Structure formats: structure tokens, C-alpha cells
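Good morning, and thank you for making time for this presentation. Please bring up the sequence and the structure, and I shall then go through them.

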Number of protein chains: 2
Amino acid sequence: MITIAVDAMGGDAGLTVTVPGAVAFLKQQPNAHLLMTGDELLLQQALKTAQAPMDRISIVHASQVVEMDEAPQLALKNKKDSSMRVAINQVKEGNAQAAVSAGNTGALMATARFVLKTIPGIERPAIAKFIPSGNPGHMTLMLDLGANVDCNADQLTQFAVIGSELVQAMHPEKGRPRVGLLNVGTEDIKGTETVKQTFKLLKSSKLNFIGNVEGNDVFNDEVDVVVTDGFVGNIMLKTIEGAIKFMSSAIKQEFSRNIFNKMAAVTALPALKGMKAKLDPRKFNGAIFLGLRGVVIKSHGGTDEVGFMYALEEAYHEARFASLAKIEQGVADQLAALEEVREQEALASGVSHISTP
Amino acid sequence: MITIAVDAMGGDAGLTVTVPGAVAFLKQQPNAHLLMTGDELLLQQALKTAQAPMDRISIVHASQVVEMDEAPQLALKNKKDSSMRVAINQVKEGNAQAAVSAGNTGALMATARFVLKTIPGIERPAIAKFIPSGNPGHMTLMLDLGANVDCNADQLTQFAVIGSELVQAMHPEKGRPRVGLLNVGTEDIKGTETVKQTFKLLKSSKLNFIGNVEGNDVFNDEVDVVVTDGFVGNIMLKTIEGAIKFMSSAIKQEFSRNIFNKMAAVTALPALKGMKAKLDPRKFNGAIFLGLRGVVIKSHGGTDEVGFMYALEEAYHEARFASLAKIEQGVADQLAALEEVREQEALASGVSHISTP
């Protein structure tokens with residue numbers, strides 16, 4: 001059985017989304033149990049209205065709620081009994097294998113980092129997401145999507161390591177994940193200074209590093225993990241959302257341009273609906289806070305119950321397949337190998353200094 | 001009459017694309033004349049085969065060709081009689097109002113910068129492109145798309161100024177262009193250190209600065225100029241290309257998923273074709289090298305004759321509407337206003353130092 005802690009009060013709509021989302025999720029996953037955190041009375045009422053299966057849901061009372069626009073540091077300091085924090089505490093205490101919240105992203109990151117700490121060797125957690133590629137059987141993990149706007153080469157390399165370990169843990173059948181560094185060209189010498197340094201580090205690592213990849217490669221099935229900083233990653237994610245919306249509205253315009261196209265739209269309705277379902281952003285809801293000692297999933301704050309259900313699904317699959325112990329061991333091995341290369345290089349450069357007097 | 005210098009030997013396919021592209025363009029624009037640069041004999045032959053209107057085309061012989069993978073600095077040094085350089089020389093000497101090349105991007109930028117120089121006050125040229133937005137009557141100018149991977153706040157501000165002046169010159173009827181700074185959120189305090197500094201500079205400028213914009217805003221008709229560095233801009237452009245390709249293949253998959261959808265596709269063919277035509281990447285071919293003392297347009301190296309024709313169209317419209325003198329005056333006024341703010345700030349901080357002993 002997998003138990004997931006759910007911040008029931010988080011998100012723009014709180015209980016009216018989280019409770020029906022939780023009920024829909026439990027119907028999908030018969031082996032899941034939920035710990036829902038928030039105001040006990042309100043939760044009981046909402047769960048009753050939604051005819052929730054109470055044998056598979058436990059309520060954990062939390063007296064506070066973190067506001068959507070609250071400063072992360074203030075939430076951390078003043079909201080120690082928030083539904084968000086209590087949900088993360090459940091993971092820390094071993095009562096749940098994952099926590100899900102649709103609340104304030106900054107506060108969730110700060111709280112998760114404070115309560116759970118990062119995996120040894122990982123300085124900062126990143127936000128990651130699986131992006132569908134052209135091949136229906138393949139997804140690309142992209143990180144960081146906005147947790148860290150300024151990153152150095154060491155941090156980017158750590159993102160590559162943790163991303164690779166997650167994909168490896170979730171899809172061991174696929175072999176060693178192919179890691180790509182997001183850049184403006186595929187040649188080794190391209191990019192900013194930080195990206196060039198990262199390239200060197202990744203090249204000397206034991207990761208399956210395939211070199212630089214470009215913006216369009218995220219949609220190819222030739223790369224499994226795409227690494228970039230949170231500034232570029234966030235802009236890229238929003239660009240993808242914008243481009244898909246733009247295309248969808250272009251399709252709509254085209255199918256209502258004249259009477260013939262309008263008639264065609266009626267015949268094409270199943271295909272158009274299939275298309276819409278395939279690209280439904282709610283299906284891709286659920287961003288992974290990666291690099292923490294526990295699974296934390298951030299749902300979009302403005303999503304509906306279907307979207308929230310998908311965030312719970314993401315948490316469920318990660319909790320089920322991505323064993324923390326295994327990931328921590330993998331990260332430790334990768335970072336140790338990198339450290340060894342560095343020491344050898346330092347030694348070699350020392351030797352060469354001596355041998356060229 | 002508008003005269004455009006065409007690097008006839010540039011691009012992956014050289015004359016076999018540039019000559020038919022030129023002929024197609026001349027059919028569209030009866031007031032255009034072309035100076036085609038390259039090997040005289042080969043050009044004469046190709047133009048004859050294409051039944052080109054020779055009264056509207058002049059050949060300017062050039063004995064060399066810049067290779068697609070040649071190092072820019074080597075091309076600059078060793079290829080002084082290349083078709084690319086001779087084309088740019090035509091602009092410099094006043095024989096043409098614009099130059100178009102499908103050749104090596106780096107070499108074209110280095111040559112254009114060396115021959116034409118930048119507009120006073122603009123340190124580095126940028127690569128810019130008009131991106132279609134959701135509103136068919138609106139395009140967003142995005143820059144930089146890859147000329148400068150590392151930019152400081154002054155340079156980003158200069159990109160904003162030159163981008164705004166170009167849009168103003170080409171669309172004076174639309175009023176002052178709305179300038180947005182690409183960022184990871186719309187709040188003033190977001191972003192990297194460089195972006196935060198740029199925000200302050202733009203805020204103190206006389207531009208119509210609307211603040212931070214996000215990746216998806218490029219597709220909205222609420223911003224006219226989106227400023228970012230060449231690293232983010234290039235990744236974003238490639239991401240858009242990738243997302244559109246991904247969507248197109250998703251449409252194709254959906255319409256061939258079963259016999260009903262396949263039948264629907266036949267009825268929907270005009271709409272699907274309309275859609276394809278609307279998003280045809282060849283229509284958006286032609287990137288603007290902005291900030292130079294002359295119009296230089298870069299065509300995609302792998303485009304076909306239709307794509308090359310659109311690059312010529314872009315050059316034609318820019319040469320026709322964007323007067324260099326006017327843009328230079330606009331840039332000078334904007335930069336002077338910024339300088340004034342800086343001096344006042346320096347003075348104010350000096351005064352405050354004195355008044356608080």
C-alpha cells in the first residue's frame with residue numbers, strides 16, 4: 001500500500017478541488033491510502049458531501065493555511081501548523097511515502113527543504129517535470145523549471161545526477177538514462193561560461209551524457225533527462241504551454257473559417273476531441289520537487305479536480321517506483337566518481353607543472 | 001524602387017534555392033530590383049534556366065564562397081571576395097538597401113558587423129524575429145535569438161531600444177511599441193541579477209516598458225517587443241519550433257488513429273491544409289540582424305525557394321519602412337534619456353551623501 005499525504009487546504013480553490021480530486025484518485029488506485037491535512041471539521045464535511053471512501057482516508061488536523069501570496073520565509077516561521085507543513089511532516093515521520101500540495105510554490109519548496117532536507121551531495125532541490133515527446137511511449141524529464149534562477153556548474157551537474165537517478169529508478173527497463181545539457185547548439189564549445197563548465201563536468205561523469213541538446217530536442221525520444229537552470233527551464237515550460245495554446249486556437253479558427261470547414265469540424269469532432277484530450281494540460285499536472293529526502297509533488301494552484309487527481313497519480317508512481325535509498329545510493333556513487341576525476345585532474349595538473357620546469 | 005543584395009551562393013543548396021526564390025520574389029514585388037552576388041558564369045546559367053527577368057536583376061561577381069562550417073574569423077580574414085561579403089558591401093556602398101544571405105550565421109554576423117558597423121550607442125547587434133501571436137493582425141518582435149549568449153543589463157537595454165525603434169518605424173500607426181522583459185514571473189523582483197538590473201534600467205527609460213513577461217506572453221497581443229539574451233532566446237525559438245512540430249505530428253496521429261478518423265480527415269482536408277499553410281515555418285523565415293547600420297536578413301540555411309522568397313520579403317519590407325536615419329535618431333534620443341536619468345541618480349546619491357554627514 002502507498003500512503004500519500006495531501007495538503008487539502010492548498011491551491012486557489014482548496015477543499016472544493018482537493019477532495020473531489022482525492023476521491024477520483026482513490027477510484028483509480030485501489031492500493032492507495034490518503035492522509036488529508038487541514039481543518040478537521042471542514043474536511044469531514046467536504047469528504048461526506050463527496051461520499052469519500054472513509055476507510056481509505058485519514059484526516060490529520062492542521063489549524064493554519066499558507067496563503068497563496070505569503071512570503072515563503074514568513075510561512076516557514078509563522079505557519080508551523082499549516083496544512084502544507086503537516087502534510088510534509090507526514091513524509092518526514094514515515095507516515096506517508098509522498099506529499100502533494102497545490103499551495104504556494106515558494107512556501108512549499110522552503111518548507112519541504114527545511115523539513116525533509118536535501119539528499120547528501122545535492123545543494124539545492126530542483127523542480128522537474130516529465131514532458132511528452134513525439135513518441136507516445138517516451139517522456140523527457142526536464143529540470144530545473146524554476147526553483148533556482150542562478151545556478152553554477154556544480155549545481156547543474158547535481159541536477160543531471162538526481163534527474164538521471166530518478167528516471168533510472170522509475171524506468172529501470174530502459175537502461176541508463178540519456179542526459180542532455182540544454183544549449184544553443186550541439187557543438188561542445190557552445191553556450192555561456194557556466195554551461196561550458198557544466199559540459200566538462202558532465203563529460204567527465206559516469207552519467208550517460210549525450211552532449212548538448214537544443215530546445216526542440218525535448219520533444220524527441222533521443223534524450224531522457226534535459227538539464228538547465230531554473231530561469232531558462234521556467235521560460236521554456238511557459239513557452240511550451242503558450243505554443244500549445246496558440247496552436248489549439250489556430251485549429252479552432254481554421255475549423256470555423258467558413259461553412260465548409262465548419263461542416264468538416266462536425267465530422268472531425270472525434271479526432272479533434274482526441275487531440276484535445278491528448279494535450280489536456282491537466283494530464284501533465286504535478287511537478288516533482290527533486291533532490292529532497294522524500295517525494296513532494298506540486299500541483300498547479302489553479303487546477304481542477306481532474307488536474308489534482310493527476311498530481312496524486314504522479315506522487316503515487318514516484319512513491320511506488322523511486323526508492324529513496326536507491327536514489328541516494330546512486331547519487332552518492334555518481335558524485336564520488338566525479339570527485340575522483342577531479343582529484344586525478346588536480347594531481348595530473350600538479351605533475352605536469354613539475355615536469356615542465 | 002527597393003534594391004536588395006542577394007548572396008546567391010549562400011545556404012545548404014546555394015543557387016538552386018536562391019535563384020528560384022529570387023524569381024518568385026520578383027513576381028510578388030514589382031518595385032524590387034536584385035543585385036545577386038556570386039560566380040558570374042554559374043549565376044548567368046542558373047538565371048537563364050530559371051527564366052529570370054534579367055531587366056530586374058544585376059549580377060555582381062564574387063570569386064569566393066564562405067563554407068557553412070567555416071570559422072567566422074577565418075571567413076572575415078580570408079574570404080574578402082565572398083558572395084556574402086560582396087552582398088554586404090553593396091549595402092555599405094549604397095547600391096542596395098538590404099542584404100540577404102542563407103549562409104553561415106556566425107560569418108554573416110561577423111562580416112556585417114565589420115563592414116557596416118553598429119548604430120552609435122549599440123554595442124552588439126542582436127538577432128530578431130517577428131513571432132505570430134494569437135491575434136492574426138499582430139506579431140511580436142523577439143530578440144536576441146542567439147547572437148549574444150552572455151549579455152549584461154546595458155546590452156539588454158540596448159536590445160529593447162533598438163527593437164522598439166524598429167517596430168515603431170515599421171508600424172507607426174500602432175503607437176509606441178510595448179516592450180516586455182522575458183522573465184520567470186511578472187513581479188518586479190523576479191529573475192537573475194542581470195535581469196533585475198535590466199528591469200530597473202528599462203523602468204527608468206522613455207520606452208513604453210510594460211514590465212516582465214513570461215514565455216507564453218510571446219503569443220499574446222499584449223506585448224510588441226520581448227527582450228532576452230541570446231541563450232534564452234535561441235532555446236525559446238527552438239522550443240517553439242519543436243512544440244509546433246510536436247503538435248502537428250499529434251494531429252496527424254489522431255487523424256489516422258482509426259477508420260472513422262481517417263474518413264473525417266478527408267472531409268477536414270481543407271481545414272487541415274489551411275492549418276498547415278498558416279504554420280508553415282517557411283513563412284517565418286528571415287531573421288533580422290538588428291543594430292547594424294544597414295538591413296541584413298539571415299535566411300535559414302536549409303530552406304527551399306519558398307522560404308528564401310519569404311526572407312527576401314522580410315528584407316524588402318524592412319528596407320521600405322524602417323529608415324536607418326530615423327532609427328538612429330530614435331536610438332540616440334532613447335539612450336540620451338537613459339544617460340540623463342543615470343546622471344541625475346548619480347547627482348542625487350551624491351547630494352544625499354553630503355546631506356547625511
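Predicted model: local features only at pLDDT ≥ 70, side-chain atom pairs only at ≥ 80, totals over all residues.

Strand 4 of chain B and strand 11 of chain B, the latter covering residues 295-298, pair in the parallel sense over four bridges. Within that pairing, Ser101(B) has Lys298(B) of strand 11 of chain B as its bridge partner.

Are the faces of strand 4 of chain B, residues 98-101, covered or open? Both are covered. Ala98(B) and Val100(B) are buried on one side, and Ala99(B) and Ser101(B) are buried on the other.

Let me turn to strand 2 of chain B, residues 32-38, in which Ala32(B) lies. Why is Ala32(B) classed as buried? The reason is that 22 other C-beta atoms lie within 10 Å of Ala32(B), and a residue counts as buried at 20 or more. Leaving aside residues up to four places away in sequence, Ala32(B) touches Ile2(B), Ile4(B), Phe25(B), Leu26(B) and Tyr316(B). Ala32(B) and Thr3(B) are 29 residues apart in sequence, yet their C-alpha atoms are 5.8 Å apart in space.

Next, a pair of helices. Helix 6 of chain B, residues 153-170, packs with helix 7 of chain B, residues 193-204, at an angle of about 50°, and their axes are 8 Å apart. Helix 6 of chain B is therefore oblique to helix 7 of chain B. The crossing of these two helices is right-handed. On the helix 6 side of the contact are Ala153(B), Leu156(B), Thr157(B) and Ala160(B); they meet Thr194(B), Gln197(B), Thr198(B), Leu201(B) and Leu202(B) of helix 7 of chain B. By class, the residues of this contact are five nonpolar, four polar and no charged.

Finally, the interface between the chains. How many residues of chain A are in contact with chain B? There are 47, and they meet 47 residues of chain B. Helix 8 (230-255), helix 9 (259-267) and helix 10 (269-278) of chain A each supply at least two residues of the side that touches chain B. Helix 8 of chain A gives the largest share, 21 residues. That side of chain A comprises 25 nonpolar, 13 polar and nine charged residues.

Conventions: Residues numbered from 1 in each chain as written. Chains lettered and ligands numbered in written order. Contact = placed C-beta atoms within 7 Å. Nonpolar A, V, L, I, M, F, W, Y, C, P; charged D, E, K, R; others polar. Buried ≥ 20, exposed ≤ 12 C-beta atoms within 10 Å, placed from the backbone. Pairing = 2+ DSSP bridges. Axes fitted to C-alpha atoms, helices over the stretch in contact; angles between N-to-C directions. Parallel < 35°, antiparallel > 145°, perpendicular 65-115°, else oblique. Left-handed = near helix turned anticlockwise from the far one by under 90°.
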